[in-house]
Amino acid sequence: MSGTPARTADAATATEVVCLGESMVTFLPSQPGRLADVPAFSRGIGGAESNVACALAAAGHRAAWVGRVGADGFGDHLVEAIAGYGVDTSGVRRDPSRPTGIYFRTATDRAADVHEVAYYRAGSAASAMSPRTVPHASLPTARVLHLSGITAALSADCLALLHDLTAPRPGRPLISFDVNHRPGLWRGADASPAVLLDLARRSDLVFVGEDEAEEAWGLTGAEAIRAALPEPSVLVVKRGPDGATVFSRTGTGAGTGTGTETETETGTETGTGEGTDVTTTVPALHVDVVAPVGAGDAFAAGFLSATLRDLPVRDRVRHGHLMAAAVLTVPGDLTAPPARAHADALAALDDEAWGRLRLGPGWTGDDQEVRTT
């Protein structure tokens with residue numbers, strides 16, 4: 001497996017990232033409170049993989065979203081809205097017999113006990129994705145294929161599709177996998193930890209939250225997670241307010257593709273059977289949170305964006321934090337990211353200046369002054 005995205009002959013026009021998974025119409029509450037008490041909802045779009053595609057396209061990358069939607073108005077809205085971000089939606093298929101999925105959620109943090117989500121996605125068009133309906137040979141040629149554990153939970157056919165896409169084969173793109181453990185989506189919840197662990201071990205670049213690794217696999221701490229996932233060339237462990245720790249493999253031609261793995265904020269090297277692991281830990285930013293949703297997808301998009309640009313590992317993590325901060329300071333799951341020059345300047349700050357940043361609503365605008373603590 002390689003942790004470096006392969007380059008195509010026509011890099012100037014080729015798709016850089018294909019994101020495959022279900023996108024749904026999401027109904028956002030007009031005010032905080034229980035679903036039973038919210039009087040009205042506004043319509044948006046939601047889906048881990050399409051969120052990543054939209055963020056990457058907004059950041060200037062050539063991204064495609066592949067999925068299935070119903071031949072209905074909600075499907076029309078999804079395809080039009082996602083394409084509006086500059087995402088290639090030519091790989092989306094319409095299902096005449098199954099509906100587009102929808103869901104309603106409360107305004108609270110997903111991790112909070114009072115958070116509610118009401119999904120109406122059983123039997124959705126996306127649940128019919130399979131190796132037959134989405135053969136790997138039909139996907140656009142790309143440097144990266146981004147997947148998530150949510151797709152595996154939708155149906156046995158969807159799980160078979162992920163097994164097919166993550167199988168080793170000549171010319172396979174770099175497989176980026178966000179674990180995205182959602183216990184409520186799994187009908188056979190006892191099977192989900194093993195399924196997700198297997199898919200992560202078959203991937204090249206893995207994103208996982210420290211909290212979800214503990215919930216799904218009973219693992220505590222980044223080192224324990226790496227021990228359980230030795231195969232990925234790059235493992236990103238998201239640690240909430242403590243930042244993120246990245247394990248990147250060197251000595252095999254994999255990992256970052258830059259040869260700058262030692263340019264880390266904090267780094268240690270440990271030997272492995274297939275090269276050397278460099279451990280990079282980057283602190284999180286101070287953010288004045290408006291809505292705690294969409295940050296994980298935005299972080300993945302920021303990290304992938306910097307990976308496609310062959311930036312050092314530290315800067316990949318910092319771009320992930322910055323993209324997440326852009327979403328955290330708006331009400332919805334998606335927003336325009338900071339301009340590349342703006343983000344690059346912040347990512348290049350020294351450790352002390354990075355630690356003093358405080359980002360609030362409007363910080364991504366070119367005319368906005370970024371505050372420090």
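Modeller: Welcome! The largest cavity in this structure has a volume of about 40 Å³, counted as the space filled by probe spheres set on grid points joined across faces, edges and corners. The model is predicted, so local features need pLDDT of at least 70 and side-chain atom pairs pLDDT 80 or more, while totals for chains, interfaces and linings use all residues. Residues are numbered from 1 along each chain as its sequence is written, and side-chain values use heavy atoms, without hydrogens and water.

Colleague: What makes a space a cavity?

Modeller: On a 1 Å grid over the protein atoms alone, a cavity is a set of points where a 1.4 Å probe fits but cannot get out. Searching the whole structure turns up one cavity of 30 Å³ or more.

Colleague: Which residues line the largest cavity?

Modeller: Lining residues have an atom within 4 Å of a point, and here they are Ala55, Ala298, Met323, Ala326, Val327, Leu334, Thr335 and Pro337. Helix α9 (residues 313–328) gives the largest share, three residues; a helix is a DSSP run of H or I with at least four residues.

Colleague: How many lining residues of the largest cavity are nonpolar, polar or charged?

Modeller: Seven are nonpolar, one is polar and none is charged. Ala, Val, Leu, Ile, Met, Phe, Trp, Tyr, Cys and Pro count as nonpolar, Asp, Glu, Lys and Arg as charged, and the others, Gly among them, as polar.

Colleague: Why are cysteine 19 and cysteine 54 called buried?

Modeller: Buried means under 20% relative accessible area (1.4 Å probe, protein chains only). Cysteine 19 has 0%, so it is buried; cysteine 54 has 1%, so it counts as buried too.

Colleague: How do you know that both faces of strand β4 are covered?

Modeller: Ala63 and Trp65 on one side, and Ala64 and Val66 on the other, are all buried. In a regular strand the side chains alternate between the two faces of the sheet.

Colleague: What joins strand β1 to β4?

Modeller: Two strands pair if DSSP finds at least two bridges between them, a strand being a DSSP run of E with at least two residues. β1 (residues 15–20) and β4 are joined by four bridges and run parallel, so they pair. Valine 17 has alanine 63 in β4 as its bridge partner.

Terms used
On a 1 Å grid over the protein atoms alone, a cavity is a set of points where a 1.4 Å probe fits but cannot get out, and a pocket is an open set with protein on both sides within 12 Å along at least five of seven lines; lining residues have an atom within 4 Å of a point. Buried means under 20% relative accessible area, exposed over 50%, partly exposed in between (1.4 Å probe, protein chains only).
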